[in-house]
Amino acid sequence: MSRVGKKIIVVPAGVEVTIAAGNVVTVKGPKGTLTKKFNEELTINMENNEINVVRPNDLPAVRAIHGTTRALINNMILGVSEGFKRSLTLVGVGYRAAEKNNGLEMALGYSHPVIIDAVDGIKMTVEKNTTVHIEGIEKDVVGQVAADIRSKRAPEPYKGKGVKYSDEVIRRKEGKKS
């Protein structure tokens, strides 16, 4: 049995979960509403503000989606109640970011500014020109936007210059000896 899949999800106060026919789960909370359709082979039960995901058999295809389904529902509940946040740090001389038209404009050492367009449901804020905060209610979208921004100038191992996650540790190399 999946250790993640058999965990019970406790629905916090202020969050409303609706399970419709065809395993369509709608979660409403103070930060917004999320709706997602899950595999119909699994059974999603809700009683006494607790959600349980049950699989009917041990076929490999069903086992593979059991824990994933439970984790996705839990992330939906966390997203509408608390939200998700990812922070990026710009390291390097002249590297800076500024908010522009709900998106970002960054100077990353190229001959042109790097422009990141606004994404629906995502709030991007800049702190001290070198720290970018990405917030939203969908964990996968927040992570993807952060990864897209980081990919514009990934950190390099010699001087550590580039766009890195705030909690990321860059393994440094020694460099050339003369």
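**Exercise 1.** Count the aromatic pairs in this predicted model.

*Solution.* Two rings pair if their centres lie within 6.5 Å. By this rule, the count is zero aromatic pairs.

**Exercise 2.** Find which arginines sit over the rings of tyrosine 165 and tyrosine 110.

*Solution.* Start with tyrosine 165: arginine 86 lies over its face, 4.1 Å from the ring centre. Now go to tyrosine 110. The charged end of arginine 153 is over that ring, at 4.2 Å from the centre.

**Exercise 3.** Work out whether arginine 55 is buried or exposed, and what its side chain meets.

*Solution.* First, find arginine 55 in the loop between β6 (50–54) and α1 (60–81). Next, check its relative accessible area, which is 11%. Buried means under 20%, so arginine 55 counts as buried. Last, look for partners: its side chain has a polar contact of 3.4 Å with the side chain of histidine 66. A polar atom of the arginine 55 side chain also lies 3.4 Å from the backbone oxygen of asparagine 57.

**Exercise 4.** Explore the largest nonpolar core and say which element gives the most to it.

*Solution.* This core has 21 residues, and Leu90, Leu104 and Met106 are among those touching the most other members. Several elements supply at least two residues each, including β7 (84–91), β9 (103–107) and α2 (139–151). The top contributor is α2, with four residues. Zoom in on leucine 104 and you'll find it touching Val114, Met124 and Ile149, among others. There's also a second, separate core of 18 residues, which includes Val11 and Ile137.

How values were computed:
Residues are numbered from 1 along each chain as its sequence is written. This is a predicted model: local features need pLDDT of at least 70, side-chain atom pairs count only at pLDDT 80 or more; totals for chains, interfaces and linings use all residues. Side-chain values use heavy atoms; hydrogens and water are left out. Buried means under 20% relative accessible area, exposed over 50%, partly exposed in between (1.4 Å probe, protein chains only). A polar contact is a pair of N or O atoms within 3.5 Å; within protein, one must be able to donate a hydrogen and the other to accept it, and residues adjacent in sequence count only if both atoms are side-chain atoms. Rings of Phe, Tyr and Trp (its six-membered ring) pair if their centres lie within 6.5 Å; planes under 30 degrees apart count as stacked, over 60 as edge-to-face and the rest as tilted. A charge sits over a ring if NZ of Lys or CZ of Arg is within 6 Å of the ring centre and within 35 degrees of the ring normal. A nonpolar core is a set of buried Ala, Val, Leu, Ile, Met, Phe, Trp, Tyr and Cys residues joined through side-chain atoms within 4.5 Å. Contact means heavy atoms within 4.5 Å. Lists of a residue's contacts leave out its neighbours within four places in sequence.
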